[in-house]
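Please take a moment to look over the sequence and the model shown here before reading on. The paragraphs that follow lead through charged side-chain pairs and then an open space in the fold.

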Amino acid sequence: MNTPSFTSWFQTETLWGLSLVSLALALAAALGAYLAMSLLLGVAVRRARRLAEAQGGSHRTAGVVYELLAGTSRLLVFVAAVLVGVGMLDLPGRWATRVGQLWFLALALQVGLWGTRAVALGIARYRMHHGLAAAGDAAPFSASATLLSWGLRTLLWATVLLAMLSNLGVNITAFVASLGVGGIALALAVQSILGDLFASLAIAVDKPFDAGDFIVVGGVAGTVQRIGLKTTRIRSLGGEQVVMSNTDLLKQTINNYRYLQERRIVFQFRVPYGTTAEQAEAVPQAVRRIIDTEGQARFDRAHLQGFVENGLQYEVVYIVLDPAYNVYMDLQQRINLSLMRELATLGVDFAVPARTVQLAAPAGGPPPGGFLRVQQPATA
């Protein structure tokens with residue numbers, strides 16, 4: 001009796017209804033396909049990287065291609081190689097259909113990954129184009145970048161998911177209709193959140209402020225750190241972080257100091273009645289000399305504005321050429337001190353709030369013979 005050879009056994013033996021020969025060929029095809037696809041992918045990535053370096057930036061065409069190819073999933077490449085090998089087997093019609101569906105699922109997932117990477121590259125280019133931050137920086141996104149990224153990724157993966165469900169035989173028409181009804185119910189339940197979402201969209205489109213701007217809104221003054229989908233975070237002058245709802249934020253008047261180049265300053269002071277006309281005329285000239293000596297200020301005007309209850313009121317207007325608040329305060333202090341010295345030289349005092357009371361004579365008695373003058377400190 002002859003013992004069957006290994007070759008005969010290998011050709012005749014079956015596993016799961018498939019011959020070992022066909023299984024070995026499928027395994028070899030899968031391995032060869034994986035090696036070939038990995039090799040081609042590696043060559044394409046290296047060539048795209050060289051072209052990107054030659055073009056001088058990752059945001060050129062070659063740089064975008066390189067970033068997309070570098071984001072190819074090795075797991076999906078392996079799955080594709082396995083499907084190549086499985087496709088060589090003599091499978092029943094039902095399994096052949098399943099293999100075709102798996103091909104579509106793997107391709108759809110890879111397209112979704114490429115699309116997500118493309119959105120990230122587009123947002124990075126948007127940030128660099130608008131001067132928000134360099135690519136890869138941890139600086140906060142602007143509201144428009146955040147909304148755009150979130151919306152594009154949601155749309156991309158929703159499309160991929162619906163395409164995959166349709167390929168698997170799911171009736172997506174009824175599914176989309178049910179999502180519409182559920183979306184209406186959800187929208188009614190989260191009206192406040194949607195209000196903040198649309199408010200952030202208004203901030204992104206109208207741009208009343210952006211990340212990094214110094215703003216004053218209500219009783220809050222500080223630098224905008226991050227504009228999110230629901231809230232905006234502001235680092236106040238006191239150092240604490242203030243979180244404000246986007247809807248409440250847009251309901252108030254916002255002072256944005258981003259484009260402030262100069263400060264127009266108006267201040268007033270008073271001198272007492274009894275000041276001569278010559279002295280009153282010399283005061284605006286003295287104020288002009290004081291401001292003209294300051295290199296960071298530009299004189300506008302100084303006038304005797306009027307006669308008020310406590311004396312002669314002057315109004316002075318000048319321009320600070322530096323937007324920094326500390327520069328303005330230092331300048332105003334020097335002007336005030338110089339003004340005190342100039343008025344002392346002219347022999348003029350600052351007006352002090354005072355009240356003159358006339359004493360009435362008692363019935364049938366002599367007149368009191370004078371007035372009572374009471375000085376009162378100025379109130380804030």
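**Charged pairs and a pocket**

Lys207 is partly exposed, with a relative accessible area of 38%, where partly exposed covers the range between buried, under 20% relative accessible area, and exposed, over 50% (1.4 Å probe, protein chains only). The model is a predicted one, in which local features need pLDDT of at least 70 and side-chain atom pairs count only at pLDDT 80 or more, while totals for chains, interfaces and linings use all residues. Residues are numbered from 1 along each chain as its sequence is written, and side-chain values use heavy atoms, with hydrogens and water left out.

The side chain of Lys207 meets that of Asp210 in a salt bridge, at 3.7 Å from N to O, the term standing for a side-chain nitrogen of Lys or Arg within 4 Å of a carboxyl oxygen of Asp or Glu. Asp210, at 11% relative accessibility, counts as buried. Side chains of opposite charge can pair when their charged atoms come close, and the structure holds seven salt bridges.

Another of these pairs joins Asp292 to Arg288, with the closest N and O atoms 3.7 Å apart. Because they stand four residues apart in helix α10 (residues 277-292), Asp292 and Arg288 are separated by about one helical turn; helices (H or I, at least four residues) and strands (E, at least two) are DSSP runs, numbered from the N terminus. Asp292 is partly exposed at 48% relative accessible area, and Arg288 is partly exposed at 46%.

A further salt bridge links Arg301 and Glu315, whose closest N and O atoms are 2.7 Å apart. Arg301 belongs to strand β9 (residues 297-308) and Glu315 to strand β10 (residues 311-320), so this pair ties together parts that are 14 residues apart in sequence. Arg301 counts as partly exposed at 27% relative accessibility, whereas Glu315 is buried at 14%.

On a 1 Å grid over the protein atoms alone, a pocket is an open set of points where a 1.4 Å probe fits, with protein on both sides within 12 Å along at least five of seven lines, and lining residues have an atom within 4 Å of a point. The largest pocket is lined by 14 residues, of which Met37, Thr72, Val77, Ala80 and Gln110 lie nearest its centre. Helices α2 (20-55), α4 (74-87) and α5 (93-129) each supply at least two residues of this lining, and the largest share, five residues, comes from α5.
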